[in-house]
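Biologist: Can you walk me through this one? I'd like the overall picture, then some side chains.

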Amino acid sequence: MSLSAAFFRQREAVERDRAAGAQLDNVRSVAAPAAGAWAREAIRAERLEASRALRQTTVRRAEDEVRQFSENPDRGQAG
C-alpha cells in the first residue's frame, strides 16, 4: 500500500508549522529539512498517482475499443 500525496502534504505542513513556531534553533534545524523531505515525497507520490490514473485511462480506452470493434458484443463484459 502506498501513501497518498495528500498525506505527505499534510506532514509537510505539520513540519513547516513546527519550524515556524519553534523557539529553539535545534527544533527549527530539524523541522525545516523534514518539511522539505515530506515535500519531495509528495512530489513523487503525485507523479505516481498521475501515472496510475493515466494507465487506468489508457486501459479503459483500449477495452472500450475492443468492445466496440468485436464481433462478439459480450466480449469484455465478464468480470
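Modeller: Start with how the chain contacts itself: among contacts in the protein chain between residues at least 6 apart in sequence, 54% join residues at least 24 apart. Contact means heavy atoms within 4.5 Å. This is a predicted model, where local features need pLDDT of at least 70 and side-chain atom pairs count only at pLDDT 80 or more, while totals for chains, interfaces and linings use all residues. Residues are numbered from 1 along each chain as its sequence is written, and side-chain values use heavy atoms, with hydrogens and water left out.

Biologist: How many helices and strands are there in the protein chain?

Modeller: The protein chain has two helices and zero strands. Those are DSSP runs, numbered from the N terminus: H or I over at least four residues for helices, E over at least two for strands.

Biologist: And what share of the residues is buried?

Modeller: Buried residues account for 15% of the 79 in the protein chain. Buried means under 20% relative accessible area, exposed over 50%, and partly exposed in between, with a 1.4 Å probe and protein chains only.

Biologist: What about the accessible surface?

Modeller: About 6300 Å² for the protein chain, with 53% of that belonging to carbon and sulfur atoms. The areas come from the Shrake-Rupley method with a 1.4 Å probe, and for residues only the protein chains shown count as cover.

Biologist: Switching to rings. How many aromatic pairs turn up?

Modeller: Three in the whole structure. One of them is Phe 7 with Trp 38, edge-to-face, at 5.9 Å centre to centre and 85° between the planes. Rings of Phe, Tyr and Trp (its six-membered ring) pair if their centres lie within 6.5 Å; planes under 30 degrees apart count as stacked, over 60 as edge-to-face and the rest as tilted.

Biologist: Where do Phe 7 and Trp 38 sit?

Modeller: Phe 7 is in helix H1 (residues 5-21) and Trp 38 is in helix H2 (residues 25-69), so the pair links distant parts of the chain, 31 residues apart.

Biologist: Which other ring does Trp 38 pair with?

Modeller: Phe 8, in a tilted pair at 5.8 Å centre to centre with 35° between the planes. Phe 8 counts as buried, at 11% relative accessibility. Ring pairs join Phe 7, Phe 8 and Trp 38 into a cluster.

Biologist: Which side chain makes a polar contact with Glu 12?

Modeller: Arg 9, at 3.0 Å. A polar contact is a pair of N or O atoms within 3.5 Å; within protein, one must be able to donate a hydrogen and the other to accept it, and residues adjacent in sequence count only if both atoms are side-chain atoms. Arg 9 is partly exposed, at 31% relative accessibility.

Biologist: And Glu 15, what does that one touch?

Modeller: Ala 31, Ala 34, Ala 35 and Trp 38, not counting residues up to four places away in sequence. Glu 15 is buried at 9%, and its side chain has a polar contact of 2.9 Å with that of Arg 18.
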